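Here are my notes on the model you sent.

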Amino acid sequence: MRLGTRRSLMATTQSGLVADALTQATGHGVELVGVTTEGDVSKALLAQIGGTGVFVNALRDRLLSGEVDFAVHSLKDLPTGPAEGIALAAVPRRDDPRDALCGTRKLADLPAGARVGTGSPRRVAQLRALRPDLEIVPIRGNADTRLRKIADGELDAVVLAHAGLRRIGRLDDVAEVFETDAMLPAPGQGALALECRSDDPELVALLAAVDDPGTRAAVLAERTVLAVLEGGCSAPVGAHAVVSGDELHLTAAVVAHDGSRQVRLSATGRPDEAAETGRALAEALLGRGAAELMGEGDS
Ligand SMILES: NCc1[nH]cc(CCC(=O)O)c1CC(=O)O
């Protein structure tokens, strides 16, 4: 089977892990096929080139043209809307979904005015809520490039996903892992997605060998929150769900860009009603003023 993957170290590592798990589970060999996406080439900020979907579209094109059989994405990079002709065949068991502060000091030990790099509005808003005295520096590029800015002395710290740091072998750079109370992760963070053409039900069934139903339900709840809020709110959104037994616990927050205010709510539902739980929580957030937060603190 030909697996389409982005070429970064993080992408090829996570694709290699999925390939090994699939071979183990199904006996089929898997060949990695590197694909360059617009998100890897462009130096522009993500918001200016169409959001994280730019990482995904080139891989989907290769699926639809038959050049590759399936693709592995970071789930948080998938747009929330449906994709014509594409099936979400598996969501493997998720890694640590939390964000991590990289550098030499914990957040509380950084001096006032310390320079912290991140390009994510969600991380910026939550950092401002925790430490309004820091200087937040917008950055892009792969995790390696960002970490190098600390070594170069250009930045004091950067915020990155723990799961990605683990995949590229950089956990030694982590000074602090943020509890989700302090920094709510992006919907789907730490999880992977296997996509293939929806007109190939045999392949969909084969790839399901590495699906984890609990993770799938959790990320469905998180992404439904995002999908509902995208209609009425452009403020940063965090969401995190955990399935234990027959309960799904979901927390979501909408944070003003300057971190001055946030609306945060939790709900419990059944894993087989993950989308309903996510939708209800998003509507409750909107009812508590989430949409009004969207313009607040913009500068
Ligand atoms: N948008 C880039 C991206 N997509 C997925 C991850 C991390 C790994 C993951 O969430 O599975 C990252 C980098 C980061 O946010 O640190």
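1. The model is predicted. Its largest nonpolar core has 82 residues. Val158, Leu194, Ala221, Val225, Leu229 and Val254 have the most contacts inside this core. Helix α8 (residues 213–232) supplies 9 residues, the largest share of the core.

2. Leu229, one of the residues with the most contacts inside the core, touches Val237, Val254, Ala282, Leu285 and Ala290, leaving aside residues up to four places away in sequence.

3. Leu194 is another of the residues listed for the core, and its place is in strand β10 (residues 192–197). Is Leu194 buried or exposed? Leu194 counts as buried because it has 25 C-beta neighbours inside 10 Å, and the cut-off for buried is 20 or more. Not counting residues up to four places away in sequence, Leu194 is in contact with Val18, Phe70, Val72, Ala89, Ala90, Leu207 and Val210. From C-alpha to C-alpha, Leu194 and Thr118 are 27 Å apart in space, with a separation of 76 residues in sequence.

4. The domain assignment divides the chain into domain 1 (2–92 + 191–211), domain 2 (99–177) and domain 3 (219–293). Between the C-alpha centres of domain 1 and domain 2 the distance is 27 Å. Their contact takes 8 residues from domain 1 and 9 residues from domain 2. On the side of domain 1 that touches domain 2, 4 residues are nonpolar, 3 are polar and 1 is charged.

5. Where does the ligand lie? Domain 1 and domain 2 both give residues to the shell around the ligand, so the ligand lies between them. The ligand is surrounded by 11 residues, and the closest are Ser74, Leu160, Ala161, Gly164 and Gln189. Two or more residues of the shell come from each of β8 (157–161) and α6 (162–167). By class, the shell is made up of 4 nonpolar, 5 polar and 2 charged residues.

6. A hairpin deserves a separate point. Strand β12 (residues 247–255) pairs with strand β13 (residues 262–269) in the antiparallel sense, over 8 bridges. Opposite Ala253 stands Arg264 in β13. The hairpin has 6 residues between the strands, and Gly259 takes a positive phi near 75 degrees there. Val254, listed above among the core residues with the most contacts, is also touched by Leu229.

How values were computed:
Residues numbered from 1 in each chain as written. Predicted model: local features only at pLDDT ≥ 70, side-chain atom pairs only at ≥ 80, totals over all residues. Near = placed C-beta within 6 Å. Helix = DSSP H or I, 4+ residues; strand = E, 2+ residues; numbered from the N terminus. Nonpolar A, V, L, I, M, F, W, Y, C, P; charged D, E, K, R; others polar. Domains from an automatic or database assignment. Core = buried A, V, L, I, M, F, W, Y, C linked by C-beta atoms within 7 Å. Buried ≥ 20, exposed ≤ 12 C-beta atoms within 10 Å, placed from the backbone. Contact = placed C-beta atoms within 7 Å. Pairing = 2+ DSSP bridges.
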